[in-house]
Amino acid sequence: MLTHLCLSINDESHAFFHYLGHLGVFFSFFTIGVVGYYESRKWVPPDTSRLCYALSFFFTFIIFKDHAKFQPGSMRDAHEVLANINLATAVLLAYSVWNPRNVEMGVAVYALILLQGIWVWTMS
């Protein structure tokens, strides 16, 4: 897996950071599961896992925004679109934690997550 990730970038000097970025994204979403477990045990306050989820999407926005710079042509635009979708998801998810009675915000978050899944499936 390391070889595949390292060879998938054109500039070899950035290969380690490319791999580290992927690990960071994977680890940020793994953290949601850990925090969700802690939340179920009442070791952390309610909605902590949703805040962690919003932070993970914000972190993914930062990674994809930087990752887009290394992509050629239209792939750069596609990666920037995904980065912006991640930012919108993070903001709306954080707002839905702050205002949990707003059902439309929750539906919008799930729609954006579905849109991200379609993007990943289409671009893979």
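In which helix is the place of L20? L20 lies in helix α2, which covers residues 15–40; helices here are DSSP runs of H or I with at least four residues, numbered from the N terminus. The model is a predicted one, in which local features need pLDDT of at least 70 and side-chain atom pairs count only at pLDDT 80 or more, while totals for chains, interfaces and linings use all residues. Residues are numbered from 1 along each chain as its sequence is written, and side-chain values use heavy atoms, with hydrogens and water left out.

L20 is partly exposed, since its relative accessible area is 41%, where buried means under 20%, exposed means over 50%, and partly exposed lies in between (1.4 Å probe, protein chains only). Together with L23 and F26, L20 makes a nonpolar surface patch of about 260 Å². Such patches consist of residues with over 30% relative accessible area and no salt bridge, and nonpolar side chains (Val, Leu, Ile, Met, Phe, Trp, Tyr) are joined within 5 Å, like charges within 9 Å.

Turning to charged side chains, the structure holds two salt bridges, each being a side-chain nitrogen of Lys or Arg within 4 Å of a carboxyl oxygen of Asp or Glu. One of them links R50 with D47, whose closest N and O atoms are 3.4 Å apart; R50 is partly exposed at 29% relative accessible area, and D47 is also partly exposed, at 24%. K69 and D66 meet in a salt bridge as well, with 3.6 Å from N to O. Here K69 counts as exposed, because its relative accessible area is 56%, whereas D66, at 39%, counts as partly exposed.

Note on methods:
Accessible areas come from the Shrake-Rupley method with a 1.4 Å probe; for residues, only the protein chains shown count as cover. Helices (H or I, at least four residues) and strands (E, at least two) are DSSP runs, numbered from the N terminus.
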